[in-house]
Amino acid sequence: MIPTGFARLTATASLMFLAAGASAQSIEEAESAYADGRFVEAADLAEAIGTSEAYALAAKSLAVYAHYEATDEEWEEMVERAIRMGEEAVKADSTNPDAHYQSAHAVGRYAQRVGAWTALRQGLAGKIRDLLEATLALDPDYVDATLALGGWHADIDAEGFMARRLYGGRKEEAIILFDRALELAPESKVVLHAYAIRLPYLDKENGKERAREMLEKALGVLPRDAFEDYVHLDILDALDELNEG
C-alpha cells in the first residue's frame with residue numbers, strides 16, 4: 001500500500017507537470033497567433049496564462065495591433081490594455097528583460113500617437129527611457145531595447161533644446177546605440193528600418209544615401225512574421241519619402 005503522504009505528493013507533482021505542459025502549449029498557441037497576425041487573439045491567449053512571459057507577449061501583440069490595425073474608436077482601449085499588460089509583466093517578474101521592454105514598447109506606441117510634446121508633458125519620455133535602461137541592465141545584448149533607446153535619443157534630440165535639456169537625449173548616443181543594434185542584428189528588417197529613417201537627421205552630409213542603401217537592404221530580408229510584413233510596408237513608404245525629398 002502506497003503511503004498517503006507519498007500519494008498526495010505524487011498527485012501534486014503530476015498536476016504541476018500537467019499545468020506546466022498546458023502553459024507551454026498555450027504560450028506556443030499565443031506566439032503562433034501573433035506570428036500569423038491574429039494579434040488580439042494572441043493577447044487574449046497570453047493574458048489568460050498569467051505569467052510574466054505571457055503578459056509581455058500580450059503587451060507586444062496589443063501594441064502592434066493598436067499601431068497598425070486598430071480603428072480610431074478602439075485605439076485608446078487597445079493601447080491602454082497594452083500598457084496594463086506591460087505593467088503586469090514587470091510586476092510578475094521584475095527580472096524579465098522582455099517585461100520591461102514590452103512595457104516600454106506599449107508606452108512608446110501611445111506616445112507616437114499623442115505626439116512628442118504631449119508625451120513630454122506627460123512624462124512619458126522619462127518612463128520609456130527608464131524601462132529601456134532597465135531592460136539593458138538585465139540583458140545588455142537585447143537588440144530591440146538597444147534599437148529603441150537609440151531611437152529615443154535621436155527623437156529627443158530632434159525635438160530641440162528644451163527636450164534635450166529635460167531628458168538628456170543626445171544624437172551622439174543615438175548613433176552609438178544604433179550601430180550596436182546593427183552589429184548585434186545586421187540582417188534585421190526592424191533594425192535597418194529604424195536606423196535608416198533617422199539617418200537623414202543623424203548624418204546631415206551622407207544620411208539620405210546611407211538611408212536609401214539601408215532601406216534597400218531591408219527590402220531584401222524576408223519578413224519572419226505578420227509584424228515584419230507591416231515593417232516591410234513601412235520600408236516601402238520610407239523609400240518613397242526619400243525619393244520625393
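Biologist: At what relative accessibility does Tyr230 count as partly exposed?
Modeller: The model is predicted. Buried would need under 20% relative accessible area and exposed over 50%. Tyr230 falls in between, so the class is partly exposed, and the relative accessibility is 22%.

Biologist: How many residues apart in sequence are the parts that Tyr68 and Tyr230 tie together?
Modeller: The structure holds six aromatic pairs. One of them joins Tyr68 and Tyr230, with 4.6 Å centre to centre and 15° between the planes, which is stacked. Tyr68 lies in helix α3 (residues 52-68) and Tyr230 in helix α14, so the separation in sequence is 162 residues.

Biologist: Which residue do ring pairs link into a cluster with Tyr68 and Tyr230?
Modeller: Tyr68 is partly exposed, with a relative accessible area of 22%. Ring pairs link Tyr68 and Tyr230 into a cluster together with Phe227.

Biologist: What is the arrangement of α13 relative to α14?
Modeller: Helix α13 (residues 207-219) packs on helix α14 (residues 226-244) with axes 10 Å apart and an angle of about 150°. Angles over 145 degrees count as roughly antiparallel. Therefore α13 is, relative to α14, roughly antiparallel.

Biologist: How many charged residues has the contact of α13 with α14?
Modeller: On the α13 side, the residues in the contact include Lys208, Arg212 and Glu216, and on the α14 side they include His232, Leu239 and Asn243. By class, the contact has nine nonpolar residues and two polar ones, and the number of charged residues is three.

How values were computed
Residues numbered from 1 in each chain as written. Predicted model: local features only at pLDDT ≥ 70, side-chain atom pairs only at ≥ 80, totals over all residues. Heavy atoms only, no water. Axes fitted to C-alpha atoms, helices over the stretch in contact; angles between N-to-C directions. Helix = DSSP H or I, 4+ residues; strand = E, 2+ residues; numbered from the N terminus. Parallel < 35°, antiparallel > 145°, perpendicular 65-115°, else oblique. Contact = heavy atoms within 4.5 Å. Nonpolar A, V, L, I, M, F, W, Y, C, P; charged D, E, K, R; others polar. Phe/Tyr/Trp six-rings, centres within 6.5 Å; stacked < 30°, edge-to-face > 60°. Buried < 20%, exposed > 50% of the residue type's maximum accessible area, 1.4 Å probe, protein only.
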